[in-house]
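Biologist: I would like to learn how to read a few features of a model. Please give the general idea, then the case at hand.

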Amino acid sequence: MQQPELSILIIDENRIRASIIEDGLREAGHTKVQVIHSVNEVARTIAATTPDVIVIDLENPQRDTLEHFFSLSKVVQRPIAMFVDRSDRTMIEKAVEAGVSAYVVDGLKKERVKPIMDMAISRFNAFARLTRELEEARSELEDRKIIEKAKGILMKTRGLSEEEAYKLLRSTAMNQNRRMVDIAQSLITAADLLGP
Amino acid sequence: MSLVTVTAGFLPLLDSVLLVLAREKGFAEAEGLDLHLVKETSWANIRDRAALGHFDVAQMLAPMPLASSLGLTPLATPMITPMILGLGNNGITVSAALWQAMRGEGAPDDLAAGPVGAALKRVVDTSPRRLRFGVVHQTSSHNYELRYWMAASGVLPDRDIEIVVLPPPLLPDALGSGGIDGYCVGEPWNSVGVAFKGAHIATVKASIWRASPDKVLGMRADWAEANMEIVAALMRAIHRAALWCADAANHPEIAAIMSAPHYLGQPAEIVARALDGRFDVGAGVIRTVPDHFIPYASAANFPWKSHALWYYSQMVRWGEVAHMPANAATATACFRPDIYRQVLGPLGVPAPIADFKVEGALSTPAAIPASPGQLTLLPDGFFDGRTFDPERLDSYIDSQRLLT
């Protein structure tokens, strides 16, 4: 027997991440997917779509509000629990580590929810990785700019070539067991202090 | 010697101060602990991450270990508290418009819960719409105190008004935008509402239920069992932090520490006022509440089992849990005075001999049987004069049933 399609609601203040999750669900064949960015809209949305599964990011400060809403709601006809099965601790831990939580209506089979959670967890993790890589790339670029500036100072004040300036920074860093960017930063600060 | 890492979750509230000082003033390090503090965005996250073991311990609302142990919350896990993180600290703040209406009905601006509640009752009776109040979590001291105050003032919370849940830092904004008419929250969020949203502090926890616990050091029961040495070291550090915090001479430094963005992120002046119990209740009117926040005096850190039982009685009252002896026993067992005595006794910290006391028995400060040494308790009890005798739990619950 064909089971009725699950209705899924995503609540995430981060619009990019929300759309990544939404895409994942649609790729997996879900068509009843709704996305909202604020818990304030939740009453209206739940009344309109009666979701079976609600996925929410853990950074969202309004989880308490959402839970209280479930406890009062006459719109939600079946009680809602966090995750489908308290005994499935591994999945719950993975989800919380990834920064995502889910609420599921009572009576829903674990097998039906698991693929949704697995997808949400892996996409949350991928998004976090992406954000981290972006951050690293950005700080690498910053580091390079600082080193360039320090090289310029050495070239000007000591009359060194670019390669010599670079080697001096590198050997100083190695001798002092510090990062090259830290040496470069100290040099820039010192040059600023000593004036033009 | 390498330090043992302990991870603690907290919310930006004044009564995270003992955890913060344990770290910032080196009390934890002196006990061999690297106390790692993680600021959270919601009580739901504190609850879940404590249950899953992401946090070893956490600043928790006093009823949270009960709710988790009683299975009222997701990931229900037996939780305990061996130590209270202070008495008091909450207030009830209302919008400028609601305060004006209450003023018109005779509310005094001296924070007295009784007359202010009576004025609220008259406003509610004539209000064309249901007023909406915010609390910070369902199973919170705030929810039960707000409801107690209203019910004792003749306002039935589930019939006459609406209660919504929002995390502490969002309450002043919600009030400012007209989403709610009032809220019950810990400092600094009452004073923030006054300073930035034109709100008025109507009454305080110290007037509703004097010398009562609010936040606790919560942890999983099995983790505590397996790590009693770490628990003891952390409790000693928090004890020293509490002693240090109790000295008013340290308040300016504490206010500076707590005002930092990674803790409260609010002006030091507001934090200092909350520590001193000296409030701008609205429109520049200054009121002093000496027992507003008690970090140490009056056995503030001692987990009275009768306090756990009172919170349990309110969970029953508002339909969150069925009253039965097994549930009452589970709730009582969450507060662990035995651990408190075992850990802090050797330091010469006096602890009450009894585990239970009658709330409302003391109207003046009084010495109680303690060991080691002497102990004086501040007046306790409820603004409506009703006492709570833990030995008469059933009749207390019955009497409250009539009032809901």
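Biologist: Leaving aside neighbours within four places in sequence, which residues is Ser212(B) in contact with?

Modeller: Contact means heavy atoms within 4.5 Å. By that rule Ser212(B) is in contact with Gly86(B), Leu87(B), Gly88(B) and Lys205(B), leaving aside its neighbours within four places in sequence. This is a predicted model, in which local features need pLDDT of at least 70, side-chain atom pairs count only at pLDDT 80 or more, and totals for chains, interfaces and linings use all residues. Residues are numbered from 1 along each chain as its sequence is written, chains are lettered from A and ligands numbered from 1 in the order in which they are written, and side-chain values use heavy atoms, with hydrogens and water left out.

Biologist: Is Ser212(B) buried or exposed?

Modeller: Buried means under 20% relative accessible area, exposed over 50%, and partly exposed in between, with a 1.4 Å probe and protein chains only. Ser212(B) has a relative accessible area of 0%, so it counts as buried. Its place is the loop between strand S11 (209-210) and strand S12 (215-220) of chain B. Helices (H or I, at least four residues) and strands (E, at least two) are DSSP runs, numbered from the N terminus.

Biologist: What is the phi of Ala211(B)?

Modeller: Ala211(B) has a positive phi of about 45°, although it is not a glycine. Ala211(B) is in the loop between S11 and S12 of chain B, and is buried at 9% relative accessible area. Ser298(B), also not a glycine, has a positive phi of about 60°; it is buried at 11%.

Biologist: In what order do the five strands of the open sheet run?

Modeller: Two strands pair if DSSP finds at least two bridges between them. In chain B the order is S8-S7-S9-S6-S10, with mixed pairing. Strands S8 (162-165) and S10 (200-204) are the edges, each pairing on one side only. Within the sheet, S7 (residues 132-135) and S9 (residues 182-186) run parallel, joined by two bridges, and Phe133(B) stands opposite Gly182(B) in S9(B).

Biologist: How many helices and strands does chain B have?

Modeller: Chain B has 19 helices and 20 strands. Of its 404 residues, 62% count as buried.
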